[in-house]
There are 2 protein chains.
Amino acid sequence: MSGAKNISPATLEAVLNAAKTLGYERNHLAQSLRSGRTGMLGLVIPDIANPFWAEVARGAQDKAAQSGASLLIFSSDWNLEREASHLRALRQVRVDGAIVNPVENRIDDLARFGMPVVLIGSSAEQHPELPSVGSDIAQGVELGLNHLKSLGHHRPVFLLGQFGRLAHVKFQRAIHDHFVAQGEDPDTLVIEQGDYTAESGNAAMQRILVSSSPRPICLFAANDLMALGALLAVRDAGLSCPEDVSILGFDGIPTGLFSDPGLSTIAKPARGIGDRAMTLLQAQLSGETSHDRIVLPCHLVPRGTLQDLSGSETSKLTARG
Amino acid sequence: MSGAKNISPATLEAVLNAAKTLGYERNHLAQSLRSGRTGMLGLVIPDIANPFWAEVARGAQDKAAQSGASLLIFSSDWNLEREASHLRALRQVRVDGAIVNPVENRIDDLARFGMPVVLIGSSAEQHPELPSVGSDIAQGVELGLNHLKSLGHHRPVFLLGQFGRLAHVKFQRAIHDHFVAQGEDPDTLVIEQGDYTAESGNAAMQRILVSSSPRPICLFAANDLMALGALLAVRDAGLSCPEDVSILGFDGIPTGLFSDPGLSTIAKPARGIGDRAMTLLQAQLSGETSHDRIVLPCHLVPRGTLQDLSGSETSKLTARG
DNA sequence: ATGAAAGCGCTAACAC
DNA sequence: GTGTTAGCGCTTTCAT
């Protein structure tokens, strides 16, 4: 009787002692079968080997461990079929709930998922009825744009990801809004397209270098990997950063610390996202009905890839975060 | 009756149809309770947010998913207590087996772990009775040393990790053996100590630069993070790599691609380790008794941190892997 | 070839 | 307060 009711302390102790001496261990399985709760939670992300998602996983993991819950982690590889298969697996082992970063924007299956879910990432916006945790892309973009402006970069070239992704839409909308607010025409901006890989960033920078973009060039990439790829392209072209081209990334992956110069970037609170999502999920499991939709702020990590064109001493860059 | 025995095909089909129309789903929990098999596997590694271990996890994850098994991943943070707690959690949820990278060399608890286990990493050597998968440190070190020699670096400075770790012992022994085989005195080698972090690599390189090491300096680090930290220190000292100092890392993390120059390194087959370990575990679960002890070879990833002192054109470095 | 029954280890509800 | 009982959904065994 390891619950909690009205038992005499003496009996309790006796039972506990007996249990200890006998090496008794409660069978979690039977307990789960009876109670309908397994104490297991699921996490479905694109790729556990991707530094950003690994951080998110770590945040969720730590939070789960705090309350003795176990976490099942699955990588969907941005593949809808694989995601569905993982979701099926989660339901099969009867996890109590799950955190998922949906591959596509339409998540019909998720709606009828039949268990508590909290969404992470941009797609959350599509499902107002589900609790979610994401980073504030709009605020991050605004932060980056203002920082660039303070350094004298007024019209950076943008390097965005795939059109399909909601993150792309959000990023573009934030850019649009910023320039409209500035009284400038957003349709005259130069926007390059990549696919979030370093290779695509590299290719994009090569295109930019041969194009007639006004110098000095400044690139604002939608993620760090593309920014890093672009940095490599600058170097391979025999140019130098930040003298010839300035680069600002987005994500805040640790790798940015080791490039030369260190990658200036807008960091998303990766671990915080995992942590908060887990908190929300656990709240939901304990019966709270608050459909929170948390949006965490991004912050600036100034390193060395941005040249200061403003001439003012006050806005000098910190060398390496 | 979704097992397999001697049932009339007609009945089977009838039942299957009924199940489908009724939307019946077998309860995995009850099945597990009855059969004693949960179809869940565990993985305990130091840190899922560490790129190397994330790769290992990914390898294991993919293999597990292939056979419909779910993987519980835990991060021990090189903390014995946390490891024990995670092991307890794994037993609690009745995983069928686990892959673990033990924090310490003595794994008394593991021996009596009471479930199929396969070890990964250096500590495996301590437990000949357990199946294991690791990378061939000795071969990797030999490979690195021979490559360095072919470039004209005959006595590199070594940067090793903590003394306690078995990986340290293995690395040092490999170095020792190499120089003894060369007829040189291994005791005259310069060996610096770090703790596998970039910061410790940075500090070590600073010490080396002020010391009276014979120039040109060549560093062989026991992991990539320390190598990368050292590279940063070289740059901060106003020196350049590989002209003033050559650096060779060990691990093969993707981050090494983005440093400038790209980090030359000895790569461990991270994903392969996870994959093979999972294969071994599953073999064990299906009743095979072979106590395999797999050792995977490392390979050279030449990038730009090594200067060619040999003067021969044949051994020119590939620019960036 | 099929149906009935027992029981995996636990918890919730009820009677003592 | 404490002991008893009935299942959670499945699989295995035994009788039909």
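Predicted model: local features only at pLDDT ≥ 70, side-chain atom pairs only at ≥ 80, totals over all residues.
Chain A comprises 10 helices and 12 strands. Along the principal axes, its C-alpha atoms occupy a box of roughly 80 × 40 × 35 Å. Of the 321 residues in chain A, 48% are buried. Among contacts in chain A with a separation of 6 or more, 69% join residues 24 or more positions apart.

The contact between the two chains draws 30 residues from chain B and 30 residues from chain A. On the side of chain B that touches chain A, the elements giving two or more residues are helix H2 (28-35), H3, strand E2 (70-75), helix H4 (80-92) and helix H9 (224-236) of chain B. H3(B) supplies the largest share of this side, with 6 residues. Divided by class, the side of chain B that touches chain A holds 17 nonpolar, 8 polar and 5 charged residues.

Helix H3 of chain B (residues 51-66) also packs against helix H10 of chain B (residues 270-285), their axes coming within 7 Å and crossing at roughly 40°. At this angle, H3(B) and H10(B) are therefore oblique to each other, and the crossing is right-handed. From H3(B), the contact involves B:Phe52, B:Glu55, B:Val56, B:Ala57, B:Arg58, B:Gly59, B:Ala60, B:Lys63 and B:Ala64. These residues meet B:Ala270, B:Arg271, B:Gly272, B:Ile273, B:Gly274, B:Asp275, B:Ala277, B:Met278 and B:Thr279 in H10(B). The residues of the contact of H3(B) with H10(B) comprise 9 nonpolar, 4 polar and 5 charged.

The largest nonpolar core contains 87 residues, of which A:Leu219, A:Ala230, B:Leu219 and B:Ala230 touch the most other members. Residues up to four places away in sequence being left out, B:Ala230 is in contact with B:Leu159, B:Gly201, B:Asn202, B:Ala204, B:Met205, B:Leu219, B:Ala221 and B:Ile247. Another core, of 82 residues, lies apart from the largest one and includes A:Ala64, A:Met278, B:Val44 and B:Leu71.

Two helix pairs in chain A were also examined. Helix H8 (residues 198-210) of chain A and helix H9 (residues 224-236) of chain A have axes that come within 6 Å and cross at roughly 45°. H8(A) and H9(A) are therefore oblique to each other, and H8(A) passes H9(A) in a right-handed sense. On the side of H8(A), the contact is formed by A:Ala198, A:Glu199, A:Ser200, A:Gly201, A:Asn202, A:Ala204, A:Met205 and A:Gln206. H9(A) contributes A:Leu225, A:Met226, A:Ala227, A:Leu228, A:Gly229, A:Ala230, A:Leu232, A:Ala233 and A:Val234. The contact of H8(A) with H9(A) contains 11 nonpolar, 5 polar and 1 charged residues.

In the second pair, helix H6 (residues 137-150) of chain A and helix H7 (residues 166-181) of chain A pack at an angle of about 45°, with axes 9 Å apart. H6(A) and H7(A) are therefore oblique to each other, and their crossing is right-handed. A:Ile137, A:Ala138, A:Val141, A:Glu142 and A:Leu145 of H6(A) meet A:Ala167, A:Lys170, A:Phe171, A:Ala174, A:Ile175 and A:His178 of H7(A). By class, the residues of the contact of H6(A) with H7(A) are 8 nonpolar, 1 polar and 2 charged.

Two individual residues illustrate local surroundings. A:Ser76 is located in the loop between strand E2 (70-75) and helix H4 (80-92) of chain A. A:Ser76 counts as buried because 21 other C-beta atoms lie within 10 Å, the criterion being 20 or more. The C-alpha atoms of A:Ser76 and A:Val44 are 6.7 Å apart in space, although these residues are 32 residues apart in sequence. Beyond neighbours within four places in sequence, A:Ser76 contacts A:Val44, A:Pro46, A:Arg82, A:Glu83, A:His86 and A:Val103.

B:Leu119 belongs to strand E4 (residues 117-120) of chain B. Its 25 C-beta neighbours inside 10 Å are the reason why B:Leu119 counts as buried. B:Leu119 lies 6.4 Å from B:Val133, C-alpha to C-alpha, with the two residues 14 residues apart in sequence. Not counting residues up to four places away in sequence, the contacts of B:Leu119 are B:Val100, B:Pro102, B:Ala124, B:His127, B:Leu130 and B:Ser132.

Notes. Residues numbered from 1 in each chain as written. Chains lettered and ligands numbered in written order. Axes fitted to C-alpha atoms, helices over the stretch in contact; angles between N-to-C directions. Helix = DSSP H or I, 4+ residues; strand = E, 2+ residues; numbered from the N terminus. Parallel < 35°, antiparallel > 145°, perpendicular 65-115°, else oblique. Left-handed = near helix turned anticlockwise from the far one by under 90°. Contact = placed C-beta atoms within 7 Å. Nonpolar A, V, L, I, M, F, W, Y, C, P; charged D, E, K, R; others polar. Core = buried A, V, L, I, M, F, W, Y, C linked by C-beta atoms within 7 Å. Buried ≥ 20, exposed ≤ 12 C-beta atoms within 10 Å, placed from the backbone.
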